[in-house]
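Visitor: I've got a model open and would like a walk through its inside. Can you take me around?

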Amino acid sequence: MVGRICFFLLFALVSQAVFAQDSASTNADVSGRILERIQKAQIGFSGKVWIYAKNLDTGAEFGLRQDERVRTASTIKLPIMAETFRQVSEGKLRWDQKITLTKDKKVGGSGILHEFSDDTVIDLRTAVHLMIVVSDNTATNLVLDLVGSDNVNANAKRLGLDQTLSLRKVFGGGDSSALKADETLKMFGLGVSSPRDMARLLEMIENGKVVSKEASAEMIGILKRQQFKDGIGRNLPDTIESASKSGALDRLRSDVGILYTRKGRLVIAITVDDMSEVTYTADNPGLHMIWKISQILQDEM
């Protein structure tokens, strides 16, 4: 109990410092209400939270440890998709390019391709859609084999995403140059980013500034069909549409997305990590925390 109380006191102090420095474009009263509601939502919760949100139509921003590096889990598939679209636009890859699914390329976890027969042939477009819509890990590795993690990282840098790196394929292999140069990055697993970086990438895609207006619109369409909606997209009314990508590890849940609300297009990136409970169900406390925070942000922003 003492440890939990100390955690919440530390959380409050860090939060207040962050708001003082990084929420200039959000009304101070609004920031205070958001902070107070998030602190109340955290009562009884064991874990750490990172948040960045921006209303693209009003310019209002909200951040909590938003520039700190976090484990991405499957949200790194968003910059992987962006780089794939870039290479297709430059003629380096083709959407109808054939990929053979051999037994040695199958990996477990999320997705469906590991259930397909050996030597099934799919095309690149199918692999990208599966990578995002059902977060298919095998599809992700197939795409990375073609585009390369180093190219994903170079494109992220061009876009100004200085905290974002694709480090390796799902379950290992294909290590990026960044990972080879800095072994401390191993702690992040599949990829590393920050809430602000992920939200910024979504903002650029929504505004048609990644590859082209047409490519950006197609990416948004894919993200709208993403099937894991237990975080930001949970229990949304019919009046609110979402375009998102989620991620999950044993003690982590993350979600990045756009909510098309009546108040404006709200870009949200939330990471919850270091949870004491490991469960892969819709009742995961990290998913519930992301949902609660997203509701608070919708109400206040």
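Visitor: Which residues does S193 touch, not counting residues up to four places away in sequence?

Guide: Quick housekeeping: this is a predicted model, where local features need pLDDT of at least 70, side-chain atom pairs count only at pLDDT 80 or more, and totals for chains, interfaces and linings use all residues. Residues are numbered from 1 along each chain as its sequence is written, and side-chain values use heavy atoms, with hydrogens and water left out. Contact here means heavy atoms within 4.5 Å. By that rule, S193 touches E68, R69, V70, T72, Q163, T164 and M198.

Visitor: Is S193 buried or exposed?

Guide: S193 sits in strand β7, residues 191-193 (strands are DSSP E runs of at least two residues, helices H or I runs of at least four, numbered from the N terminus). Buried means under 20% relative accessible area, exposed over 50%, and partly exposed in between, with a 1.4 Å probe and protein chains only. S193 comes out at 1%, so S193 counts as buried.

Visitor: Which side chain makes a polar contact with the side chain of S193?

Guide: A polar contact is a pair of N or O atoms within 3.5 Å; within protein, one must be able to donate a hydrogen and the other to accept it, and residues adjacent in sequence count only if both atoms are side-chain atoms. For S193 the distance is 2.7 Å, and the partner is the side chain of T164.

Visitor: Which residues have the most contacts inside the largest nonpolar core?

Guide: A nonpolar core is a set of buried Ala, Val, Leu, Ile, Met, Phe, Trp, Tyr and Cys residues joined through side-chain atoms within 4.5 Å. The largest one has 52 residues, and its largest share, 7 residues, comes from helix α4 (residues 124-133). M81 touches V128, M131, I132, M219, I222 and L223, leaving aside residues up to four places away in sequence. The residues with the most contacts inside this core are L78 and M81.

Visitor: How many residues of helix α5 are buried?

Guide: Helix α5 covers residues 137-147 and is mostly covered. What covers its buried residues includes α3, β4, β5, α4, α6 and β6. At its start, a side-chain oxygen of D136 reaches to within 3.0 Å of the backbone nitrogen of T138.
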